[in-house]
Amino acid sequence: MPETPSKRQLLQGNEAIAHGALAAGCRFFAGYPITPASEISEELATLMPRSGGTFIQMEDEIASMGAIIGASLAGVKAMTATSGPGFSLIQENLGYACAAEVPCVVVNVMRGGPSTGLATSPAQGDVQMARWGTHGDHPIIVLAVSTVSDCFTTTIKAFNLSEQFRVPVIILSDEIVAHTRECVELPAPEEVYIINRIRPSVPPEWYKPYEGDSRGIPAMASFGDGYRHHITGLVHDDHGFPTENPGEILNFHQRLTQKITRGFPEIMMTRSYRLEDAEVAIIAYGSVARSAMRAVEEARQQGIRAGLLQLITLFPFPRSHVTPVLKQCRAVLVPEMNMGQISREVQRVNQSFCTVVKHNRVDGQVITPDELSTRLIKM
């Protein structure tokens, strides 16, 4: 068969997420329409059946999260998409996926809040919720998209990380990125790097569904494969059955955390722009990183040696990427469409290396390049 050529398309951010999910091998989507994420559902409602997958519109986001957990346990890559109010409803089942180590992808296209908030306006107020929204100590991976191209490539990366580490992965977008249209070069299917979950290599009678390998990641049998597989949200032993043994409880929590910490080199992703000689820098993510890149150029035209560190991985927080910027620069600007959620993380790792300045908007308006370039010049 001839190879499928790459295709250049004009896509909306939400549409690119849908295409990225399909390219990653997602074959199950369950969701409930909500502004500004609805186009992901609309696109997959058309494209998923054509790819041999299943699309289901659920009655709410609680059921949507439960459905993708079930699909993943049955062996299918699965995703849901929502916005702030729906993301709130997802949290309990998201915790279940963390405890049961069920790979899946959750997209949250952020809008203003709290509650119904600003349903059609951009915001970045769900950052800490993505990390800590579900109760208890648990590892999770949170990625952020800034461009339409990011929406495609980062969605593929989200599925790969989810499968590789047996963990839910959250993609944070926002209304600006979701509804921006840009030309994107979609690769041919054979050009996409895909990671699939580890399958058992032992006979069914030897299988322990939660016995980790050298990295702490258990092999995952699908329901129907003939392997005994007990699933629970309770703390469990290697066989998947609830335990109150202190040693087994400690092992459970340590393994969940260590499988992520050991994977830091593969999980941590940032993008640098003109940082080589920067004296001041912006640390930004999402749509704000787009404004930040332009602001860096405007500051450079004024003789200010400015640079940008765009965060793609938000959690685990990419400390090893941020610290060198803090050591290099005399001041760092952290702009966000919230009251300062990632700036807290930057401050946490800044051990008096430099001055960290916040720039926040919560009025439903985008942070503009002019705002940021003015702040850079003052810094």
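Mentor: Start with a term: buried means under 20% relative accessible area, exposed means over 50%, and partly exposed is in between, using a 1.4 Å probe and protein chains only. By that scale serine 115 is exposed, because its relative accessible area is 61%.

Trainee: Before going on, what kind of model is this?
Mentor: This is a predicted model, in which local features need pLDDT of at least 70, side-chain atom pairs count only at pLDDT 80 or more, and totals for chains, interfaces and linings use all residues. Residues are numbered from 1 along each chain as its sequence is written, and side-chain values use heavy atoms, with hydrogens and water left out.

Trainee: OK. How many helices and strands are there in the protein?
Mentor: The protein has 13 helices and 15 strands. Both are DSSP runs numbered from the N terminus: helices are H or I with at least four residues, strands are E with at least two.

Trainee: And how compact is the protein?
Mentor: Its radius of gyration is 21 Å, close to the 21 Å that the globule rule gives for 379 residues, so the protein is as compact as a globular protein of that length. The radius is taken over C-alpha atoms, and the rule is 2.2 Å times the number of residues to the power 0.38. The C-alpha atoms fill a box of roughly 70 × 50 × 45 Å along the principal axes.

Trainee: What share of the residues is buried?
Mentor: Buried residues make up 57% of the 379.

Trainee: Back to serine 115. Where does it lie?
Mentor: Serine 115 lies in the loop between β5 and β6. Its phi is near 55°, a positive value in a residue other than glycine. Proline 114 lies in that loop too, between β5 (104-112) and β6 (118-122). The peptide bond from glycine 113 to proline 114 is cis, with omega near 5°.

Trainee: Which other peptide bond is cis, with omega near -5°?
Mentor: That is the bond from phenylalanine 315 to proline 316. Proline 316 lies in the loop between β13 (313-315) and α11.

Trainee: What about glutamate 101, what is its phi?
Mentor: Phi of glutamate 101 is near 55°, which is a positive value in a residue other than glycine. Glutamate 101 sits in the loop between α4 (84-100) and β5. It counts as buried because its relative accessible area is 0%.

Trainee: Switching to charges. How many salt bridges does the count come to?
Mentor: The count comes to 15. A salt bridge here is a side-chain nitrogen of Lys or Arg within 4 Å of a carboxyl oxygen of Asp or Glu.

Trainee: Which side chain does arginine 305 meet in a salt bridge?
Mentor: Arginine 305 meets glutamate 279, at 2.4 Å from N to O. This pair links distant parts of the chain, 26 residues apart: arginine 305 is in the loop between α10 (287-301) and β12 (306-311), and glutamate 279 is in the loop between β10 (270-273) and β11 (280-284). Arginine 305 is partly exposed, with a relative accessible area of 38%, and glutamate 279 is partly exposed at 31%.

Trainee: And where do glutamate 345 and arginine 348 lie?
Mentor: Both lie in helix α12 (residues 342-349), three residues apart, about one turn of the helix. Glutamate 345 counts as buried at 12% relative accessibility, whereas arginine 348 is partly exposed at 48%. Elsewhere, salt bridges that share partners join Glu101, Arg255 and Lys259 into one network.

Trainee: Now valine 322: buried or exposed?
Mentor: Valine 322 is buried, because its relative accessible area is 0%. It is found in helix α11 (residues 319-328). Leaving aside neighbours within four places in sequence, valine 322 is in contact with Ile283, Leu309, Leu311, Phe317 and Val349. Contact means heavy atoms within 4.5 Å.

Trainee: Last one. What does glutamine 12 touch?
Mentor: Not counting residues up to four places away in sequence, glutamine 12 touches Glu39, Val148, Ala178, His179, Thr180 and Arg181. Glutamine 12 is in strand β1 (residues 7-12) and counts as buried at 8% relative accessibility.
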